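I opened my notebook to record what I looked up in one structure. The entries follow in the order I made them.

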Amino acid sequence: RKIYPINVEVETLLTYNITSGKLLAAATGSVTVKLNTSIVMLPKEPMQQRLPDERVGFFQNPVTEYSDEQQVTLRGANIQRCRLELKDPVRYRRGQLTEPKRPIVYYIDPATPKKWIPYLKAGVNDWNVAFEAAGFKNAIIAKEWPDDPTMSLDDARYSVLRYLPSETENAYGPRIVDPRSGEIMESHICWYHNVMNLLKKWYMVQCGPLDKRAQSMTFDDKLMGTLIQFVSSHEVGHTLGLRHNMAASSATPVEKLRDKAWVEANGHTVSIMDYARFNYVAQPEDKNVRLIPPLLGVYDIFMIKLGYAPIYDAETPADEYATLNKWIQEKAGDPMYTYGEQQILGTLDPASQSESLGDDAVKASRYGIKNLRYIMDHLVEWSAIENRPYDQTSELYYELTKQYQRYMGHCMAYIGGLYLNHPVAGDEQKGFVPVSREKQKEVVKFFFDEFKEQPKWMAKKEIMTLFEPN
């Protein structure tokens with residue numbers, strides 16, 4: 001057991017009987033696991049709640065409301081956000097930036113490989129641009145873990161970017177939240193070592209034709225560091241309360257993704273919280289087009305304003321909501337500020353898709369497939385290691401086929417698809433709009449064009465005979 005000022009950590013060793021299943025432990029009849037339980041003390045004074053709105057994407061804490069005057073209980077919620085209070089309210093009222101009483105601080109795990117620390121810190125500090133739009137200066141800070149024996153990574157007063165030496169290819173940003181108010185009290189963003197391998201495969205199959213640095217299974221430190229910064233920024237966004245916005249990339253016209261000046265100014269998606277990894281639309285002839293997204297887009301900046309900008313002369317969350325609704329209504333109908341939730345059970349809305357780019361999936365997929373064909377022609381050259389098995393070639397080939405499947409899925413979503421909205425009483429929006437007949441016919445033609453012959457370019461014998469069939 002470990003005790004800290006606001007939390008207690010309890011470690012337990014538990015043995016369970018195993019009666020069925022495919023676990024190896026079933027052969028022995030039992031399995032023993034070590035568990036850690038964290039008990040965290042809530043703040044003495046809850047932070048004021050801020051009400052949610054389905055038109056924007058914040059994590060929420062559900063609340064069921066009861067009163068003696070009700071004939072039916074009410075379902076409410078509060079959004080999840082960090083406690084950020086102005087140090088100088090008078091300065092803020094004059095329209096000037098002011099520092100918070102207590103900034104949001106993320107420490108870097110001391111176990112982190114040293115060369116990646118600057119990129120992880122940059123992924124945190126980039127969010128200051130958004131907080132400035134909400135009136136705060138130096139609101140969020142990344143620091144290296146100090147040489148201080150009184151500090152512990154298990155102390156719930158410290159938010160940390162944790163490095164996990166694991167083969168898992170992932171990263172995630174959990175939060176400890178006060179259910180009374182939605183206050184995000186602490187977070188341990190975790191990134192696994194092999195998320196770098198995932199980033200490498202994504203970047204190779206999306207941007208390999210345009211970036212010579214991606215034409216090898218070993219990236220230079222600057223490129224890999226930039227990709228790590230992208231992951232850091234995305235996960236920090238979650239720990240600030242932001243959900244995925246899968247509609248963000250659909251605000252960008254496909255042809256603009258090939259325009260160097262436009263992409264440099266706007267990026268290829270309006271939100272770092274989308275799954276819009278890299279610019280797979282740009283072609284080899286599009287010289288020096290930006291491939292990696294800007295770490296923040298206009299949607300992210302707007303979201304921080306909605307969640308964190310102080311609203312004076314509002315004594316209750318309901319009073320605040322009038323101002324929040326006004327801000328949201330000002331952006332209504334603008335695709336750059338449209339929220340599209342992550343669709344877990346299949347894709348219904350073709351404008352709100354994971355891993356997609358642009359406002360037209362058919363056009364974007366045609367460009368993406370051209371790049372995949374280019375990569376296939378260079379697959380062995382980029383991935384094989386002399387005197388070694390073709391393991392990396394096999395891995396890259398498998399990633400290429402998965403990317404092709406993604407492009408097909410993006411187009412398939414139009415068939416029978418519905419554009420989903422979040423209408424509120426008083427506006428003219430409909431809850432959904434079916435994809436037009438003309439668009440669906442275009443997609444069917446795309447599939448006939450793509451499959452009227454077998455896609456033999458993906459099944460080259462000289463490549464597929466180098467490794468075991470999957």
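**Entry 1: burial.** I call a residue buried when its relative accessible area is under 20%, exposed when it is over 50%, and partly exposed in between, using a 1.4 Å probe and protein chains only. Ile189 has 2% relative accessibility, so I list it as buried. The areas come from the Shrake-Rupley method with a 1.4 Å probe, and for residues only the protein chains shown count as cover.

**Entry 2: what I am looking at.** This is a predicted model, in which local features need pLDDT of at least 70, side-chain atom pairs count only at pLDDT 80 or more, and totals for chains, interfaces and linings use all residues. Residues are numbered from 1 along each chain as its sequence is written, and side-chain values use heavy atoms, with hydrogens and water left out.

**Entry 3: the surroundings of Ile189.** I looked up which residues touch Ile189, taking a contact as heavy atoms within 4.5 Å. Leaving out residues up to four places away in sequence, its contacts include Tyr106, Val160, Tyr172, Pro174 and Val236. I also checked Glu462, which is 273 residues from Ile189 along the chain; their C-alpha atoms are 43 Å apart.

**Entry 4: strand S13.** Helices (H or I, at least four residues) and strands (E, at least two) are DSSP runs, numbered from the N terminus. Ile189 belongs to strand S13, residues 188-192. Which way do the residues of S13 point? His188, Cys190 and Tyr192 point one way, Ile189 and Trp191 the other way, and all are buried. S13 is therefore noted as mostly covered, with five of its five residues buried.

**Entry 5: the partners of S13.** Two strands pair if DSSP finds at least two bridges between them. Strand S9 (residues 159-164) pairs with S13 in the parallel sense over five bridges. Strand S10 (residues 171-172) runs antiparallel to S13, and two bridges join them. I found Trp191 of S13 opposite Tyr163 and also opposite Ala171.

Entry 6: Strand S7 (residues 104-108) runs parallel to S8, joined by five bridges, and Tyr107 stands opposite Lys143 in S8.

**Entry 7: cysteines.** A disulfide is a pair of cysteine sulfur atoms within 2.5 Å. How many disulfides does this rule give? The count is zero. The closest cysteine sulfur to that of Cys82 is in Cys190, and they are 16 Å apart, so the gap is too far for a bond. Cys411 is in no disulfide either, as the nearest cysteine sulfur, that of Cys207, is 19 Å away. Cys82 has 8% relative accessibility and counts as buried; Cys411 is buried at 0%.

**Entry 8: totals.** The secondary structure comes to 13 helices and 15 strands. Of the 470 residues, 46% count as buried. The C-alpha trace spans about 70 × 60 × 50 Å along its principal axes. The protein exposes about 24400 Å², of which carbon and sulfur atoms supply 51%.
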